[in-house]
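Hello,

Here is the structure we talked about passing on. Please have a look, and then read my notes below.

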Amino acid sequence: MSDGYLVGSIDVAELAFFAFVLFFVLLVFWLRREDRREGYPLEDELTGAVESYGGAMHTATTKSFRLPFDRGTVSAPTKGREPVDILARRHENFSGAPYEPTGNPLTDGIGPAAYAERAKWPDQDAGGRARIVPLSTQTEITISRPDSDPRGMKVYGADGALAGTISDLWVDRSDHLVRYYDIATTGGGRALAPAAMGKISKGALVVDAINAADFAGAPLPAAAGEITRYEEERIVGYFGGGYLYANADRQEPWL
């Protein structure tokens, strides 16, 4: 053993090198399996025919994850979930062609109006309470004194028309931020507008994402004083879609 060889001409350094190469090859295979948990098998863009089923060397086994607050488990890849058909058609019949909505572009789930199938329960804080709630239901959260209280302010859409009045604020109890403006629309309805898409200026709230008439069709939470993650996705998708679809000139090229 004084010459450093273990067996024949194989020494410790060579054995360590081979062990590293073997580990690296196995790591590559493991990573390639893990990154195929969702979105596979691949389909042809035009026909929808399956192109590749993967296989044992390319597809990871199913994992289950336990959710907090006794929300059950989820699996990856997801099992038992039906695919969602989007209301859209190809602009042209070639691979890579963009899709265009066939109905209401703010709710068809295309482009900036897309949304994810998130869980249908509220986001929760560390204590298990609903994280985003109306300010009117909270006694421990108030508007900071240097800031003006936006409740009662007029709300205007991207077209400059009056959309309604702010009736309440939905706040994040964990981060102490305003997440949504609760708006009483001019038509007698109600809408929740994401705070990030509005700007308070000269004593009024301007939401440049959608026009005033579009506020009436915005998705709303089903339960009073509670908003689920899925409902948040729908609301943000609705307003986000307005940045492209609210006005015809937004869909035209800049140059």
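Strands here are DSSP E runs of at least two residues, and helices are H or I runs of at least four, numbered from the N terminus. This is a predicted model, in which local features need pLDDT of at least 70 and side-chain atom pairs count only at pLDDT 80 or more, while totals for chains, interfaces and linings use all residues. Residues are numbered from 1 along each chain as its sequence is written, and side-chain values use heavy atoms, leaving out hydrogens and water.

Strand β12 (residues 177–185) runs antiparallel to β11, joined by eight bridges; two strands pair if DSSP finds at least two bridges between them. D168 has D182 in β12 as its bridge partner.

β11 also pairs in the antiparallel sense with β10 (residues 154–156), over three bridges, and K154 stands opposite T165. These two strands form a hairpin with five residues between them, where G160 in the turn has a positive phi of about 85°.

How many residues of β11 (residues 162–172) are buried? Eight of its eleven are, buried being under 20% relative accessible area, exposed over 50% and partly exposed in between (1.4 Å probe, protein chains only).

Elsewhere, V21 is found in helix α1 (residues 12–34) and is partly exposed, with a relative accessible area of 34%.

Best wishes
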